[in-house]
Amino acid sequence: MASVLAGPADTYDVDVVILSDFRLPGGTTSSIAEEVRAQAEAGISTALVHAAGSITNYPNPWSTHIQRILDLPGVRIASPRERIHAKVLVIRHPTVIYSTLSACEGISADHVIIVVNHAAVDAADTWHYPVEATDARVRRLFGVTPVWAPIGPVVRQTVLDQTTRVPLREKDWVNIFRISGEIRRRTGFIADRPVIGRHSRPQPGKWPATGRDILQAYPDSPRYQVEILGGAQVAEHKLGYVPSRWHVVEFGGEEPEHFLERIDFWVYMHHPDLKEAFGRAAMEALAAGCVAIMPPYMEELFGDAALYASPREVQRTVDEYYADPAKFLKQSARAQDFALAFSPEMHIRRLEELGVEAPGTPVNAEPGEVPALPGPTLLVAAQAEEDVLERALAHLRASGDRPVLRVDLTDRLGRGPDGSGPTVQLPTAAALQTDDQTWQSHLHGSLRRLLRTHRPGQVLVVGEEVPEGVLRALAWADVPGTWVRGRAGDDVAPEPRVASCFRRVMTPSQLPRAPGTAAEAPLAHHAPREGQESR
């Protein structure tokens, strides 16, 4: 069990570990992103642990929601194998931890929270994950009794429909929502006819079961304007066509906050077998001031912040509120007031209940510069040839007694960038099984933490190519940098954009040979660019 590896109870590597499958494109990862933003702003450190589950079997890149938070202060990626001790481990989506093959043998925490953001049992009485078996697996993995934290009353009841033998958090772990800037109140309607809209993932369960119900909720009529964000493939399959009066934007084709600004009525009718755990899309619509119309069971979630109807009652409800602008605006304001209560501060308070202190000043606060103090040399081995790397180390030994902190980009998962030893291993994109964009962001953030912690006097990068994440970290820190290129560097001029990021660019032939190596004929090298030292 992971707890065997834990250090003293009062020694923590990070405040919060969040474990989930970061490939998921919808509410799970967007909710994670909001909580991580709140933690970063409060000075709470976060480690993100990706665990591939059975929810998706496709080699998808990480969600854009996750990619956008990787550079936030105090946020880093950790391997499931990394030895890391936290105050709180938050597991998002029970199916992920139940189905993942990751053993998570190095992770330990004082408290383990299983955020139940998906129904355990749906309306068709289908079990989506076994609650008791999932609970037992978490106990085995982490050596701690987890607390199950439903995100709303509907999903709470689905857990109770399976079992009453797991500990449930008394209060729901509701999703939080950030409203950028001041809330904008509605002053009237968008157009000369009602604008009906919806946004959701392109899944069959997110649409009504029949073509008739679809057209009742989203009419193909000149009396209404219908806006769809998330694609209409499911509707097209059921109807045999896409209504000509619909305006359809594919999933991810527009930011929801912009889409919702041109919607009067947010209508969400879905398959009767589906039970929404909370409805993040619904909350976004409420925050935007849309008048929301949902299935009646969701009243338990949203109360008087929304209206409730069956598909055949939608048009009548829309007409009623469109005919009375004052009534529409009152309902719109009620919806926004409801959404405002789900603030990031709510999340920080519940973490404080679990022993996570919020310093109030972001760790790794930005913006900032790392002054070029006479600290160690940070040597970044970017998949460098071994003999070139040895010659670079010999060059450093010959140039003085400054200590060297070595950072290796490796294809094997190892310890993260904690800076506790002379060598730090950072996994490559292949090791993390992620896309290049995500990896570059991870690399950038990891190097920034090392630069901030150790305040090196110089950085030496050794390798034929310099990753974008390294360039971004150097630009942020403004530390003198030298690039020692691979063997091909003796024959090929460096790319000007990359070379301009360094104060010096060297080739292997310009380095002293490591002790014990055979003599080698001098290699030709390019003259330095104007303004560039050749040494």
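The protein chain exposes about 23,200 Å², and carbon and sulfur atoms supply 51% of that area. The model is a predicted one. Buried residues account for 53% of the chain's 535 residues. Among contacts in the chain with a separation of 6 or more, 72% join residues 24 or more positions apart. The chain holds 18 helices and 18 strands.

A set of 6 strands forms an open sheet with parallel pairing, in the order 15-14-13-16-17-18. Strand 15 (423–427) and strand 18 (504–506) stand at the edges with a single partner strand each, so one side of each has no neighbour in the sheet. On average, neighbouring strands of this sheet are turned by 20° against each other, direction ignored. In general, strands of a sheet pair through backbone hydrogen bonds, either parallel or antiparallel.

Within this sheet, strand 16 and strand 17 pair in the parallel sense over 4 bridges. Leu460 has Thr482 in strand 17 as its bridge partner.

| Strand 15 | 423–427 |
| Strand 18 | 504–506 |

**A residue in helix 3**

Ile97 lies in helix 3, which covers residues 94–99. Its relative accessible area is 0%, under the 20% limit, so Ile97 counts as buried. Leaving out residues up to four places away in sequence, Ile97 touches Leu19, Ile91, Thr134, Arg137, Val138, Leu141 and Phe142. One of these, Val138, is 41 residues from Ile97 in sequence, while the C-alpha atoms of the two are 7.4 Å apart in space.

Note on methods: Residues numbered from 1 in each chain as written. Predicted model: local features only at pLDDT ≥ 70, side-chain atom pairs only at ≥ 80, totals over all residues. Heavy atoms only, no water. Helix = DSSP H or I, 4+ residues; strand = E, 2+ residues; numbered from the N terminus. Buried < 20%, exposed > 50% of the residue type's maximum accessible area, 1.4 Å probe, protein only. Contact = heavy atoms within 4.5 Å. Areas by Shrake-Rupley, 256 points an atom, 1.4 Å probe, with all protein chains shown as cover. Pairing = 2+ DSSP bridges. Axes fitted to C-alpha atoms, helices over the stretch in contact; angles between N-to-C directions.
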